[in-house]
Amino acid sequence: MRISKKSVPLIPLTDFGSSPLLEYGIFVEAFEECASVRHKRMEVHRHDYVELFSLQGQGSVLIDFENRRLSGRSLVAIGPGRVHAWQANKMTGLYIAFTQEFFDGTAPPPSTLFDYPFMFGGELSSVIHLKSNQGAQAEGLFRDINCEFEKHEKLAVEMMRHQLRLLMVHLSRLYAATSPAPFAAVSLVRRFRQAVERSFRASTSVRDYAQALGVTTSHLNESLRLETGLTARELIRARLLLEAKRLLLHSELTMAEIGYEVGFEDPSYFSRFIRRELKTSPASVSPLLANLLRKVLV
């Protein structure tokens, strides 16, 4: 993929500055500290690592065009590549940023990080509003990981990796309790979405994805339609459209350049794709999305 300076800002983990543990692929900080001194992390951006948040107070987070109001105690998970922005002047808490490499350690592929669908959107929300009897163990693990990060004593990396995996298990239980679809039921859906996430720029062939997943195209479509109401082709188009919308709204690339970024070699075909999917002309798309962004961030 070609990277443009005018695309959605991708903020690297090294942007956090210096820390004895940052080189291992993890950073932990008070959310209010981030909001006060790391202003570009409150604005529209994305990153290639995971962020987990344990928050208190009122605010909102925009994740891929979905604005979620936050109040009371909330947990938020934002996976790699997801475009997001915050309105969070009245929020406090902790956040943990970590890479897939940190999470995996010496474990062989495939990464178990992809077993947690709440980080990638789609069939599960990225936000949990905690009730009074929920989340104590997860919030405690946030504090424990923060303590290890600040003290950075001997074997701190091993301890934090262990605590982080335990935290992901607790988050899975909390997300599963709030989701209408059990994790087991969305297994093929999740694997398909992961495959599309890796390859949507290179392939839009349903047959290719079905073969890679070891199922027939009819079984794949039946499973996807049952859990999402959409076919494989519709989900692939939706992922292409999401990436195009991200770039249309958050970059200064031309329509042809955006088409190239998402895998369309023919600009006219990309324009027809946009017109068909958004029911509007390509020239009207950017103003339309900009107006949407203004509304949801008010």
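Q: Is Cys 147 buried, partly exposed or exposed in this predicted model?
A: Let's start with the cut-offs: buried means under 20% relative accessible area, exposed means over 50%, and partly exposed lies in between (1.4 Å probe, protein chains only). Cys 147 has 32% relative accessibility, so Cys 147 counts as partly exposed.

Q: What is the average pLDDT of the protein chain?
A: pLDDT is the predictor's confidence in each residue, from 0 to 100. At least 70 is the score of 84% of the residues. Over residues 1-5, however, pLDDT stays under 50, and over residues 292-298 pLDDT also stays under 50. For the protein chain, the average pLDDT is 82.

Q: How many disulfides does the count come to?
A: A disulfide is a pair of cysteine sulfur atoms within 2.5 Å. By this rule, the count of disulfides is 0.

Q: Which residues is Gln 134 in contact with, leaving aside neighbours within four places in sequence?
A: Gln 134 sits in the loop between strand 6 (127-129) and helix 3 (136-151); helices (H or I, at least four residues) and strands (E, at least two) are DSSP runs, numbered from the N terminus. Its relative accessibility is 16%, so Gln 134 counts as buried. Contact means heavy atoms within 4.5 Å. With those neighbours left aside, the contacts of Gln 134 are Arg 73, His 129 and Leu 174.

Q: Which residue in strand 5 stands opposite Ile 26?
A: Two strands pair if DSSP finds at least two bridges between them. Strand 1 and strand 5 (residues 84-98) run antiparallel and are joined by 5 bridges. Within strand 5, Glu 29 stands opposite Tyr 95, while the residue opposite Ile 26 is Phe 98.

Q: How many bridges join strand 2 to strand 5?
A: Strand 5 is mostly covered, with 11 of its 15 residues buried. Gln 56 stands opposite Thr 92 in strand 5. Strand 2 (residues 50-63) runs antiparallel to strand 5, and the number of bridges joining them is 13.

Q: Why do the buried residues of helix 6 lie on the same side, and what arc do they cover?
A: In helix 6 (residues 206-213), the buried residues are Val 206, Tyr 209, Ala 210 and Leu 213. The arc is that of the directions from the helix axis to the C-beta atoms. These residues lie on the same side of helix 6 because they cover an arc of only 100°.

Q: Which residues are exposed on the other side of helix 6?
A: An α-helix has 3.6 residues a turn, so residues three or four places apart point the same way. On the other side of helix 6, the exposed residues are Arg 207, Gln 211 and Ala 212.

Q: How many of the 19 residues of helix 8 are buried?
A: Helix 8 (residues 232-250) reaches 27 Å from its first C-alpha to its last. Helix 8 is largely enclosed by the rest of the structure, because its count of buried residues is 15 of the 19.

Note on methods. Residues are numbered from 1 along each chain as its sequence is written. This is a predicted model: local features need pLDDT of at least 70, side-chain atom pairs count only at pLDDT 80 or more; totals for chains, interfaces and linings use all residues. Side-chain values use heavy atoms; hydrogens and water are left out. The expected span of a helix is 1.5 Å times one less than its number of residues.
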